[in-house]
Amino acid sequence: MSTGGLTLAVPSKGRLEEETRRIFAEARLPIERPGGSRSYAGAIKNQPQITVRFLPAGEIARELIVGAIDIGVTGADLIHEGAENGPDRVVFVRPLGFGNADVVVAVPDAWIDVTHMVDLADVASDFRRRHGRWLRVATKYVNLTRRHFANYGITEYRIVESAGATEAAPAAGSADLIVDITSSGSTLAANSLRILEDGLIMQSEAHLVLSRGAHWTPLRKAQLEAMLSILGGIPPGISTIL
Amino acid sequence: MKTPSERRAALIRLVESKTVTRVTPPLLLPAAPYLDLAGEEFGRGLLLTTANDGRDYCLRPDFTLPIAVSYLDEGLLDVPAAYTYLGTIFRQSENGPEEFDQAGLELLGQPDAGQALDQVLTFARWALAIYGVTAPSIRLGGVGLFEAFLAAADISPAWQARIRARFGHPEAMQRLVERLSRPPEKTGGAAPDGRETVIEIVTDAMLSSGLSLVGSREPEEIADRYLEKQTLAAERIPDRMVRLLREYLEVSDTAPRALDRIASLTASYGIDIEEPLLEVRNHAAALAALSPKAEVIFDASFSPRLDYYTGIVFEMTGEDGAILASGGEYDRLLDRLGAPQPVTASGCALWIDRLEAEAASR
C-alpha cells in the first residue's frame, strides 16, 4: 500500500450504487465508472488521489474490517455480520439515508403461540425432545442471529446458512424460522411469515465507513479530512481517532 | 514447586497417577456432535474447517465430549472409568483464534456419584496446589438443588419447565421473574372454542402457507402450547411463590450460611428439600476440609449454560478473578449422546496457562 492516495469502495450495482453516486455527485465529487457496469475501477473527477473500486456491499464490509480499503459505503448490517468484532474495526462516519433495512426474526404465521422472543425460548428449549433435532434458523446473518438469540438466553438451536431466498426456507422444510432483512415486510407476508413483536435485531442503513485497520499515514489522514470536508456533514478531526 | 518445568512435571504425575487413565483424543474432531450437544452458542467458539465431502471439522475445543463419545462407542457403559487429559484446546475469542493448555478429569459410570464428585474436587484442589494456589475462591452451584426446589414448590409443571430452562442465564431469568411479578395481563379477545378448533385453524394456516404438517412443529403442538399459554396467563404462579423464587435465586454467601438460609427460607414456605440440601452441605464441607484456606461460596443462581449439568457444579478462581478450574456433575451428558441407560458423570477442567500465570506472579 502506498503512503498517499485513498481507496474508496462503492457498491457495484443496483440502488446502493445509484444512491452512493448521487450523494457524491451532489457534493461535487462525481464518481466516474468509465467501463460501465462491467468495470470495477473508477475515479472521482479532480481528485486523482482517490481510487474508486466497485465491489459488492458485503465484500466492502469485509475489506473495511480487515483494512484492505480505506473508505467504503456499505450497510451497517453487513459490518455487524462481516465479523463478530466488525463494528470495532471500523468508524461509522455518517448514515447516508438510503439502503434502509431491518434485520428481523420471523416465524411462520401459523405459529399462533409464538409472538415474542420468550415464546421462541420456550419452543427452542423442548424442540429437541419433541422432534429429535434442534430448532433450525435460516439466515445469512449468522453473527447477528447468535448475538440476538444469546441475549434472550436461547442456546438450543442451529443456524442453517442461507445464501438467498431465506424467506422460502420454512416452506421448503430446510428451517423452522428465519432471520432476514426486510424493508416493507411484504416479502415476509407473501411467504406467510410474521415478525416477532420484539424480533427487531437491528435497523440498518447504508453508511460511509472508515477502516480502522487501514494504513493511515499523516498524508492519507489529511487527504481523508479534505475529502470529508468536501462531502460535508462531518465534523473535522475524525481522522484523529484512526 | 519452583520452576515452570517442575510444575509441569508435577501436573503430568497427577494426570498419570495409578488410579486414572490418561487419554488423548484427536486434535481434529467432527464438529457436528459439538453443535448437536451445545448448539450455536458454543458453536461460535469453534475453529472450523470443512472436509472435501462438505462435513465440518473443528480443532479440539474441549476434552469432555470426545472422551464421553469414545466411552459410549466402546460399549463401556457399566464399567466405572476415570480418565484424565492434558493437552491443547482451541477456541475463538475476542482476539481471534487462541490455543490453551487444558487438563482435567472425567469420572464416568461411577457407582457412588457423591464420592466421584469429591474425587473431582480433590483432583482440582491438588492441581491448584501444584501452582501454589491454596486459597482459591470457590463458587458452588446446585443444579440438582434448584430442580428439587422447583419440583417441591407450588408451581405448575409448565411453569417449572420454563423457569428451569432459564437457570444459569441471569438476564433471561430476571426477565421471567419480572414478568411473573407483574399483575396478570389481559389476554386479548375471547378464547377460541377448544383444542379441536384451534388445531383446525392452525392446520388451515399451515396448509395455506405451504408448510408441511410434519417435520417441524405440528398443528397439535402449536395449538397445545397456545392453549397452555392462555392457561398459564390465567393460572399464574402464586405471588408468594414468585417471591420465594426471587429470594432463593438471590442467596449467595459462604456455603454454610447460604445453605442455612435456603433451609430456613424453604421451610418458612412449607417446602421440604432437606435431602438434596444435605448433599450440597456434605460436599461443601468436604471441600472446606480439603482447602481450609479457600473461600467457599454457595451461589443459588449459579449454573453453567449447558443443560446437561445435573447435580453440583463449581468453579475455582484465582486472585485476579480468572477461572482456574470448573466442573461438576453432568449426568445428562451421556443421555444426550444417546446412552441407552443413565450413566453418572462428573469431572472438571483446569486452565493450565492461567494457573501458570498465577504461579509466576507469586
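Colleague: How many bridges join β3(B) to strand β4 of chain B, and which way do they run?
Modeller: Three bridges join β3(B) to β4, residues 56–59 of chain B. The two strands run antiparallel. Keep in mind that this is a predicted model.

Colleague: Which residue stands opposite B:Thr49?
Modeller: That is B:Tyr57 in β4(B).

Colleague: What sheet do these strands belong to, and in what order?
Modeller: An open sheet of three strands in chain B. The order is β2-β4-β3, and the pairing is antiparallel. The edge strands are β2 (28–30) and β3 (48–50) of chain B. Each of them pairs on one side only. On average, neighbouring strands of this sheet are turned by 40° against each other, with direction ignored.

Colleague: Which strands does helix α2 of chain B touch?
Modeller: Helix α2, residues 32–43 of chain B, packs on the sheet and touches β2 and β4 of chain B. The helix direction makes about 60° with that of β2(B).

Colleague: What holds strands of a sheet together in general?
Modeller: Strands pair through backbone hydrogen bonds, either parallel or antiparallel.

Colleague: On to chain A. What order do the seven strands take there?
Modeller: The order is β2-β3-β4-β1-β5-β12-β6 in chain A. The sheet is open, and the pairing is mixed. At the edges stand β2 (31–32) and β6 (90–95) of chain A. Each has a single partner strand, so one side of each is left without a neighbour in the sheet.

Colleague: Strands β1 and β5 of chain A: parallel or antiparallel?
Modeller: Parallel. Two bridges join β1 (residues 6–11) to β5 (residues 71–75) in chain A. A:Leu8 stands opposite A:Ile71 in β5(A).

Colleague: Where does helix α1 of chain A lie?
Modeller: Helix α1, residues 14–26 of chain A, lies across β1, β2, β3, β4, β5, β6 and β12 of chain A. The helix runs at about 130° to β1(A).

Colleague: What domains does chain A have?
Modeller: The domain assignment gives domain 1 (6–99 + 205–241) and domain 2 (101–203) for chain A. Their centres, taken over C-alpha atoms, are separated by 32 Å. Nine residues of domain 1 are in contact with eleven residues of domain 2 in chain A.

Colleague: Back to chain B, for helix pairs. What numbers describe two packed helices?
Modeller: The angle between their axes and the distance between the axes.

Colleague: At what angle do α4 and α12 of chain B cross?
Modeller: Roughly 30°. The axes of α4 (residues 113–130) and α12 (residues 274–290) of chain B come within 10 Å. Angles under 35 degrees count as roughly parallel, so α4(B) and α12(B) are roughly parallel to each other. Their crossing is right-handed.

Colleague: Which residues of α4(B) and α12(B) meet?
Modeller: From α4(B), they include B:Leu117, B:Asp118, B:Leu121 and B:Arg125. From α12(B), they are B:His283, B:Ala286, B:Leu287 and B:Leu290. By class, the contact of α4(B) with α12(B) has five nonpolar, three polar and two charged residues.

Colleague: And α1 with α14 in chain B: what is the crossing angle?
Modeller: Roughly 135°. The axes of α1 (residues 4–15) and α14 (residues 352–361) of chain B come within 11 Å. The two helices, α1(B) and α14(B), are therefore oblique to each other. This crossing of α1(B) and α14(B) is right-handed.

Colleague: What meets what there?
Modeller: B:Pro4, B:Arg7, B:Arg8 and B:Leu11 in α1(B) meet B:Ile352, B:Glu356, B:Ala359 and B:Ala360 in α14(B). That contact of α1(B) with α14(B) has five nonpolar, no polar and three charged residues.

Technical notes. Residues numbered from 1 in each chain as written. Chains lettered and ligands numbered in written order. Predicted model: local features only at pLDDT ≥ 70, side-chain atom pairs only at ≥ 80, totals over all residues. Heavy atoms only, no water. Pairing = 2+ DSSP bridges. Helix = DSSP H or I, 4+ residues; strand = E, 2+ residues; numbered from the N terminus. Contact = heavy atoms within 4.5 Å. Axes fitted to C-alpha atoms, helices over the stretch in contact; angles between N-to-C directions. Parallel < 35°, antiparallel > 145°, perpendicular 65-115°, else oblique. Left-handed = near helix turned anticlockwise from the far one by under 90°. Nonpolar A, V, L, I, M, F, W, Y, C, P; charged D, E, K, R; others polar. Domains from an automatic or database assignment.
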